Amino acid sequence: MATVRLSFSPAPVHVRTARLVGVAVARRAGVREDLLDEVRLAIGEACTRAVALHRQYGLHDPVLVEMSDAGQYAVRVVDRAPIEAGIGLAALPPDELADESLTDEALTTGVGFALLAGFVEDLQVRPVDEGVGTEVRMVWPVGR
Amino acid sequence: MELSLATRTVGEHTVLEVGGEVDVYTAPRLRERLLELIDGGARHVVVDLGRVDFLDSTGLGVLVGALKRLRSAGGSFALVCDKEPLLKIFRITALDQVFPLHPTVDAAVGADTTGAGA
């Protein structure tokens with residue numbers, strides 16, 4: 001089993017780094033090539049969400065990304081925002097997406113969650129075990 | 001790959017060619033460029049995603065913002081995209097039901113029924 005941990009200041013510029021590392025570790029773990037685009041997108045969405053929450057709450061704590069390959073490829077993205085902010089995710093129905101009254105933030109959040117739910121079969125969003133924050137846990141199979 | 005943006009005109013349409021990665025870091029530049037075009041008088045805008053190799057929810061949010069702005073100004077907005085990974089993103093988010101999506105710029109311009117069709 002191998003574990004790779006990355007923690008980064010909650011700035012948009014670092015989300016790309018997290019995506020690159022996440023895909024590199026996925027490839028090394030044996031995740032199928034045709035799933036790597038989805039891995040890249042999902043890790044990016046989870047990190048984007050975490051960065052947005054830290055900025056919304058003025059938190060300077062780093063965002064944690066932990067990748068492990070114990071029989072499957074598991075990625076945890078951990079934020080430190082108040083839990084009530086993180087759990088209430090919902091996908092938006094099509095007729096609301098272009099609604100004039102929908103704010104850009106609400107749209108991006110809804111679309112981001114639709115992408116996570118759509119691309120990750122094994123997805124959990126739950127409070128962290130200790131302290132304040134939310135963990136997005138995503139799992140992909142390894143092997144061919 | 002960094003974001004690249006280039007503008008050209010096809011008849012009444014302003015075509016914005018986007019390349020590279022559109023994500024939470026680069027999407028603000030795309031938003032700025034679209035606002036510049038619309039504020040500058042462009043009313044029929046086609047965004048060509050042909051050279052985009054990554055697009056996330058932030059980028060999609062910017063595109064929806066431009067669509068709304070142009071619709072309320074009586075204009076039109078369409079996307080050009082023929083890459084399956086990107087098309088899947090539009091399907092999963094149901095945004096394929098919101099945006100006119102076309103495989104080529106010619107198809108996008110030809111399909112415009114707002115009075116600016118070529």
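Which residue in β2(B) does Leu5(B) stand opposite? I put this question to a predicted model, and I found that Leu5(B) stands opposite Val18(B).

**Entry 1: the strands of chain B**

I looked up how strand β1 of chain B, residues 4-10, is joined to strand β2 of chain B, residues 13-22. The two run antiparallel, and seven bridges join them. I then turned to the hairpin that β1(B) and β2(B) form, and I noted two residues between the strands. In this hairpin Gly11(B) takes a positive phi near 60 degrees.

**Entry 2: Arg49(A)**

I located Arg49(A) in helix α2 of chain A. Is Arg49(A) buried or exposed? Its relative accessible area is 12%, so Arg49(A) counts as buried, the cut-off being under 20%. I also looked for a partner of this side chain, and I found that the side chain of Arg49(A) makes a polar contact with the side chain of Asp79(A) at 3.2 Å.

**Entry 3: the second largest pocket**

I recorded about 270 Å³ of space in the second largest pocket. Its lining has 15 residues, and those nearest its centre are Asp37(A), Glu38(A), Pro85(B), Leu86(B) and Ile89(B). Which elements give two or more residues to this lining? I listed α2 (36-56) of chain A, together with β3 (44-55) and α3 (84-92) of chain B.

Definitions and conventions. Residues are numbered from 1 along each chain as its sequence is written. Chains are lettered from A and ligands numbered from 1 in the order in which they are written. This is a predicted model: local features need pLDDT of at least 70, side-chain atom pairs count only at pLDDT 80 or more; totals for chains, interfaces and linings use all residues. Side-chain values use heavy atoms; hydrogens and water are left out. On a 1 Å grid over the protein atoms alone, a cavity is a set of points where a 1.4 Å probe fits but cannot get out, and a pocket is an open set with protein on both sides within 12 Å along at least five of seven lines; lining residues have an atom within 4 Å of a point. Grid points are joined across faces, edges and corners, and a volume is the space filled by probe spheres set on the points. Helices (H or I, at least four residues) and strands (E, at least two) are DSSP runs, numbered from the N terminus. Two strands pair if DSSP finds at least two bridges between them. Buried means under 20% relative accessible area, exposed over 50%, partly exposed in between (1.4 Å probe, protein chains only). A polar contact is a pair of N or O atoms within 3.5 Å; within protein, one must be able to donate a hydrogen and the other to accept it, and residues adjacent in sequence count only if both atoms are side-chain atoms.
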